[in-house]
Amino acid sequence: MGLCFSSLFSSPSNPNSSSLKTPHFSATTTASTSSGVKSQFSEIGSGSIDGGGGSQNQDEDKIVERPNLKVFSFGELKSATKGFRSDTLLGEGGFGKVYKGWLDEKTLNPAKSGTGIVVAIKKLNQESTQGFQEWQSEVNFLGRLSHPNLVKLLGYCWDDDELLLVYEFLPKGSLENHLFRRNPNIEPLSWNARIKIATGAARGLAFLHSSEKQIIYRDFKASNILLDGNYNAKLSDFGLAKLGPSAGESHVTTRVMGTYGYAAPEYIATGHLYVKSDVYGFGVVLLEILTGMRALDTKRPTGQQNLVEWVKPNLYNKKKLKTIMDARIESQYSFKAALQAAQLTLKCLEHDPRNRPSMKEVVESLEGIEAIQDKSKESKNRKMRSAAIQHPQQHGRARQRVT
Ligand SMILES: Nc1ncnc2c1ncn2[C@@H]1O[C@H](COP(=O)(O)OP(=O)(O)OP(=O)(O)O)[C@@H](O)[C@H]1O
Ligand SMILES: [Mg+2]
């Protein structure tokens, strides 16, 4: 195929683009920014992104001018997945199916299954209506961003009518799978893991928001938070990401797209997309993490289907908070930590975007909640140790740990 990066972004038309299907809702038909009508494509292609200076000074935390992506042929990816065999299927979303594949670590050429590095290969479903734009956006944004809390895009394929994306493989799958799939073989996520995941995802969003030309993620939800082997959270799916408002502007006006249950009210009502619209989505996910319930679930009784509308009043009330927390983690958290997490959720879900915290503030709050948990664990251990010293026979096991 041999497409270079710049030619990729100056080729807006593709025979597939009109026949592709999307899992997302979309409400209006205008696609413009407050600074004039521009497509997603030309905005990012204009090179107006911060070239890596400013606050992004770590090696793993940067925006690159020219992405270092491998361009794969369809044949290579077919071979890496054993011909897209069904036993390599990892999952399926609105974009298409995701397969597990194997590549040589150095050359990224296809390797025999079980050798080299494992990757996740997303293959566009030809019926997806927004697929081509989402594919471009993913390459444009994710191809240029590098941060420990963003999934790494390794390369892409555009071979005739086949569009694919190749990512690092994240062995624990999505947060959605862990929170909502009631699989008796999978332990429910512990409180500590939940807060760790929330903090990691918040850091990913904070990074996007802090670049000189802010990036609005627009599709923050549990299925787009992937987990590595140590439950480090990484944001995936930049198909709906947009550059933030120009200097002096508060928002971008755009076609309303996103996922029901997560999208901010001002965005749904007006098409005005703020950086703080992402903070609302974060609040919804935090609520899912606390309650273990989906943002939207049509199987719940009328009046309870939209989680925010149903549960929000209980977040103000200390007694009621206990009733909505996920029962599977009941004994694992200090009430003080849960209360602070509920208060943070409420702030993120503020109706007026100006009243929501920045993602940097959200990260700081979550770090504070993690610290409460550590402190309460420490004080529990201290109490156990002192009880063991006073009553060694009754606390044999605790005493053993002391000595
Ligand atoms: N990099 C990856 N590593 C491991 N598994 C992945 C990776 N990317 C995706 N998956 C798996 O594939 C599934 C489908 O992902 P995909 O992003 O296509 O859809 P989704 O997020 O579930 O839905 P949506 O289309 O609304 O984004 C995920 O649930 C996840 O289990
Ligand atoms: Mg996804």
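Mentor: Let's start with asparagine 224, which lies in the loop between β10 (215–216) and β11. Keep in mind that this is a predicted model.

Trainee: Okay! Is asparagine 224 buried or exposed?

Mentor: Asparagine 224 counts as buried, because it has 25 C-beta neighbours inside 10 Å, and 20 or more is the cut-off for that label.

Trainee: Which residues is asparagine 224 in contact with, leaving aside its neighbours within four places in sequence?

Mentor: With those neighbours left aside, asparagine 224 is in contact with Asp219, Leu235, Ser236 and Asp237. Take serine 236: it sits 12 residues from asparagine 224 along the chain, and their C-alpha atoms are separated by 5.2 Å.

Trainee: Nice. What about tyrosine 231, where is its place?

Mentor: Tyrosine 231 is in the loop between β11 (225–227) and β12 (233–235). Its phi is near 60 degrees, a positive value in a residue other than glycine. Tyrosine 231 counts as partly exposed, with 17 C-beta neighbours inside 10 Å.

Trainee: What is phi like in phenylalanine 84?

Mentor: Phenylalanine 84 has a positive phi too, of about 50 degrees, although it is not a glycine. You'll find phenylalanine 84 in the loop between α3 (74–80) and β4. It has 16 C-beta neighbours inside 10 Å, so it counts as partly exposed.

Trainee: Now the ligand. How many residues surround ligand 1?

Mentor: There are 22 of them, and the closest are Gly91, Gly93, Gly94, Ala120 and Ser223.

Trainee: How do the residues of that shell divide into nonpolar, polar and charged?

Mentor: The shell around ligand 1 has 10 nonpolar residues, 9 polar ones and 3 charged ones.

Trainee: And which strands supply at least two residues of the shell?

Mentor: Those are β4 (89–92) and β6 (117–124). With 3 residues, β4 gives the most to the shell around ligand 1.

Trainee: Where does ligand 1 lie relative to domain 1 and domain 2?

Mentor: Ligand 1 lies between them, because domain 1 (30–168) and domain 2 (175–377) both give residues to its shell.

Trainee: Let's switch to the inside. Which residues touch the most other members of the largest nonpolar core?

Mentor: Those are Val166, Ala202 and Leu286, in a core of 97 residues. Helix α6 (residues 191–210) provides the largest share of this core, 11 residues. At least three residues of the core come from each of domain 1 (30–168) and domain 2 (175–377). As background, nonpolar side chains in soluble globular proteins tend to be buried together.

Trainee: What does valine 166 touch, not counting residues up to four places away in sequence?

Mentor: With those residues not counted, valine 166 touches Phe72, Leu77, Val119, Ile121, Leu154, Gly155 and Tyr156.

Trainee: I'd like to look at a helix. Which residues of α9 are buried?

Mentor: In helix α9 (residues 307–315), the residues Leu307, Val311 and Leu315 are buried. Seen down the axis of α9, these buried residues fall within an arc of 65 degrees, so they line one face of the helix.

Trainee: Which exposed residues are on the face turned away from that buried side?

Mentor: That face of α9 carries Glu309 and Pro313.

Trainee: And what do the buried residues of α9 pack against?

Mentor: They pack against three helices: α8 (275–291), α10 (318–324) and α11 (335–348). Leucine 339 lies in α11. With 17 other C-beta atoms within 10 Å, leucine 339 is partly exposed. Not counting residues up to four places away in sequence, leucine 339 touches Lys318 and Leu321.

Trainee: One more residue: lysine 106. Buried or exposed?

Mentor: Lysine 106 counts as exposed, because it has 8 C-beta neighbours inside 10 Å, and the cut-off for exposed is 12 or fewer. Its place is in the loop between β5 (96–103) and β6. Isoleucine 117 is 11 residues from lysine 106 along the chain, and the two C-alpha atoms are separated by 9.3 Å.

Trainee: Last one. How many helices and strands does the protein have?

Mentor: The secondary structure comes to 13 helices and 16 strands. Buried residues make up 40% of the protein's 403 residues. Among contacts with a separation of 6 or more, residues 24 or more positions apart account for 69%.

Notes
Residues numbered from 1 in each chain as written. Chains lettered and ligands numbered in written order. Predicted model: local features only at pLDDT ≥ 70, side-chain atom pairs only at ≥ 80, totals over all residues. Near = placed C-beta within 6 Å. Helix = DSSP H or I, 4+ residues; strand = E, 2+ residues; numbered from the N terminus. Nonpolar A, V, L, I, M, F, W, Y, C, P; charged D, E, K, R; others polar. Domains from an automatic or database assignment. Core = buried A, V, L, I, M, F, W, Y, C linked by C-beta atoms within 7 Å. Contact = placed C-beta atoms within 7 Å. Arc of directions from axis to C-beta.
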